[in-house]
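My notes follow the order in which I checked things.

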Amino acid sequence: MAAAALKKCANIFTVNKLLVSIRMKSFRALGVNDIISNRLEKLGIVEPTEIQEKAIIKVSSGRNTIINAETGSGKTLCYLLPIVNKLINEPSLLDSPPHALILLPTVELCHQVAAVFKSIAEPDMYPSIVTRDSNLLVNRNYPVVMAMPSSLLSYNLDVLRHVRVVIADEADFLITSGGKDVWKLLNFFKYGKHLKKKSKYGSKFNQKSILRSDKRTDNKGIPDTTVSAQRQFLFVAATLPSRGKKASLNVLTKWLYEPEVVTTSIVHQTLPTLDMEYVRVTEDTKLKELLRVLNKLVCLEYENDTINAKKNSEILSGENLHSGNEKIECDKTSKNTDGNRKALRVLVFTNTAQQANKVFEFLSNSEDQLSIQQKSFIVNQNNSTQLNKGTLIDNYWQDKCAELHKDVAVEKRLDSLERFKSGELKVLVCTDIASRGLDIPDVSHVIQLDFASNAAYVLHRAGRTARAGAHGKVINFITTKDEDLARAIQACDDDPDTDYDSTFSRNRMFRRRIKRNVLPLADFIEYTSN
C-alpha cells in the first residue's frame with residue numbers, strides 16, 4: 001500500500017496546485033452575472049472548481065461539449081450556470097419556452113438538479129420535472145425541463161421544438177442503459193421530426209446507423225452540420241470509457257461531430273481524500289458482518305437520553321463473533337478536515353432491490369439479528385448510569401435506517417432521502433439508483449455489501465462520500481467471485497500512473513482480459529482484519 005499512499009500524496013499535491021490556480025478566478029470572471037454570483041456566495045460557493053473553470057466558458061459559447069470529471073466536482077453548475085445566466089441576460093428567451101431540456105436517469109436526480117436550479121434562478125423561474133407521476137409544463141415560468149427519457153416520450157415532442165440546449169447528465173448510463181428512448185430523443189432534437197418514426201434508435205447496434213448520419217455531405221462533399229448547429233448538446237458524466245469503438249466517449253464524440261471535450265486531472269480515479277478497505281465475507285456471513293461493522297462505526301452516537309453515551313463509550317460484541325467479550329474499537333477515520341468526528345451517515349449498496357429489502361428488514365428487526373446470534377452491548381465508563389454487561393440495546397437500527405430502490409414508492413424514496421440528508425436516518429440501504437449524481441452532504445461511509453459488477457459502478461458508489469474535499473471511507477465486502485475485480489481496482493489504486501479506465505470493460509471482456517493477462521492485478525487483496 002506504499003504506492004497507494006504515494007499516489008494519494010501526489011494527487012493531493014496536484015489538487016492543491018490546481019486550487020491555487022482556480023482561486024485566481026471567480027465566477028464573474030467566467031461570465032456569470034452579478035445576480036447569480038451573489039446567490040452563489042450566499043450558498044457558500046465562492047470559487048469555481050477545476051471543471052467549472054474549464055467548462056463554463058465553453059458551454060456559454062454555445063459549443064457542443066462533453067464534460068467528464070470526478071464525482072463531487074460540481075458538474076451540475078457547469079451547465080446550469082450558463083443556462084440561468086443566459087435566461088437572465090436575455091429575458092426574451094422566456095417568450096419561447098422551454099429553453100433547455102435536461103435528461104436524467106432517476107427521479108431523485110431530477111429533484112436534486114431542480115433544487116439547484118431554483119437556488120440560482122429568478123424567483124419566478126421554475127423547472128418542469130417530468131417523471132411517470134408528474135406533468136410536462138411549458139410556459140415562460142418553466143424555461144427548463146428536467147425529465148427521465150421514458151417519461152418524456154409520452155408527450156408530443158413538438159411542444160419542445162423551441163429547446164435550444166439539450167443536456168444528458170450521467171450520459172454514459174443514459175446512452176448505454178437507456179435503450180431506444182434516449183437515442184430516439186437525441187436524434188429527434190439533432191435531426192428533426194422526420195427521423196422520429198425511423199426504426200429502433202438505441203437498439204443494440206443502433207450506433208452504426210447514427211454514426212453514418214454524421215457522414216452526410218452536401219453537394220460539395222462538405223459535412224452538413226447545419227441541422228445539428230441549431231441546438232447545443234452537452235453530455236456530462238463522471239465515467240466515460242474510451243477504450244473500443246463502442247465506448248461511451250467514442251460514440252458521443254462521433255455523434256456530436258467534433259465537440260469540445262473537457263476533463264480534469266484526476267478523472268477516473270478515486271479521490272485522494274478517500275480510504276478504501278476490503279473485508280472478506282461469504283454470502284452467508286454478509287448480514288452478520290454488516291451488523292458488526294455498523295456497530296463498530298456507530299461509536300455510541302446514541303441519542304437515547306436514558307443511555308446518554310459519551311465519546312469514550314465502547315461497543316462490546318457477543319461471544320459468537322469474538323472470543324469472550326472482546327471490544328470492538330470505534331472507527332477513528334470518519335473525521336472532517338478540521339479533525340472533528342463526523343456524524344455517522346452510511347450508504348449500504350446492494351446489487352438488487354430484493355437484497356436491499358432483505359437487508360433493510362434485517363436491520364429493522366431485532367429478532368432477525370438475534371437469529372444469527374449477534375448481540376450488541378453498551379458500557380459507558382464515565383456515565384453515572386452504568387449499564388449491566390449483557391443489557392441488549394433493542395432495535396437500535398429500527399428507526400435509523402431506510403431503503404431506496406425501484407420497488408419503493410417515489411414519494412417514500414424522496415422522503416427517506418431527505419431524512420437521511422438531515423441526519424435523522426443513519427443508514428440508507430440502496431441499489432445503484434443512489435450511486436449516480438446524488439449529492440448527499442457528509443456521507444461518512446459507503447459499504448458495498450454486494451461488490452459492484454464493474455469498476456465504473458465502484459467509482460460511482462465510492463463517489464457518494466469524500467465529496468468536495470471532505471474525507472470518507474468505502475468498506476468493500478468481497479466474496480470469492482469478487483476477487484478479480486477487487487484486485488484490478490487495488491492495482492489501480494496502488495499505481496500512481498494508472499486510472500480505472502483500463503478496468504471499465506463489461507464483465508465478459510473483463511474476464512477475457514484477465515485470461516490473456518493484459519489487465520494489471522494486485523498480487524493479493526489487503527483485507528481488514530475483523
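Before reading any accessibility, I noted that a residue counts as buried under 20% relative accessible area and as exposed over 50%, with partly exposed in between. The model is predicted.

I began with the aromatic pairs, of which the structure holds five. One of them joins Y126 and Y142 in a tilted arrangement, with 5.8 Å from centre to centre and 35° between the planes. I placed Y126 in the loop between α5 (107-120) and β3 (127-130) and Y142 in the loop between β3 and β4 (144-147), so that the pair links distant parts of the chain, 16 residues apart. Y126 has 38% relative accessibility and therefore counts as partly exposed, and Y142, at 21%, also falls in the partly exposed class.

Because F235 belongs to strand β6 (residues 232-237) and W255 to helix α10 (residues 248-256), the pair ties together parts 20 residues apart in sequence. Is F235 buried or exposed? F235 is buried, because its relative accessibility is 1%, and W255 is buried as well, with a relative accessible area of 0%.

I then found that F235 and W255 belong to one aromatic cluster together with W183 and F233. W255 has a further neighbour in K190, which lies over its face at 4.4 Å from the ring centre.

Last, I looked up a charge over a tyrosine ring, and noted that the charged end of R436 sits over Y457, 5.3 Å from the centre of the ring.

Terms used:
Residues are numbered from 1 along each chain as its sequence is written. This is a predicted model: local features need pLDDT of at least 70, side-chain atom pairs count only at pLDDT 80 or more; totals for chains, interfaces and linings use all residues. Side-chain values use heavy atoms; hydrogens and water are left out. Rings of Phe, Tyr and Trp (its six-membered ring) pair if their centres lie within 6.5 Å; planes under 30 degrees apart count as stacked, over 60 as edge-to-face and the rest as tilted. Helices (H or I, at least four residues) and strands (E, at least two) are DSSP runs, numbered from the N terminus. Buried means under 20% relative accessible area, exposed over 50%, partly exposed in between (1.4 Å probe, protein chains only). A charge sits over a ring if NZ of Lys or CZ of Arg is within 6 Å of the ring centre and within 35 degrees of the ring normal.
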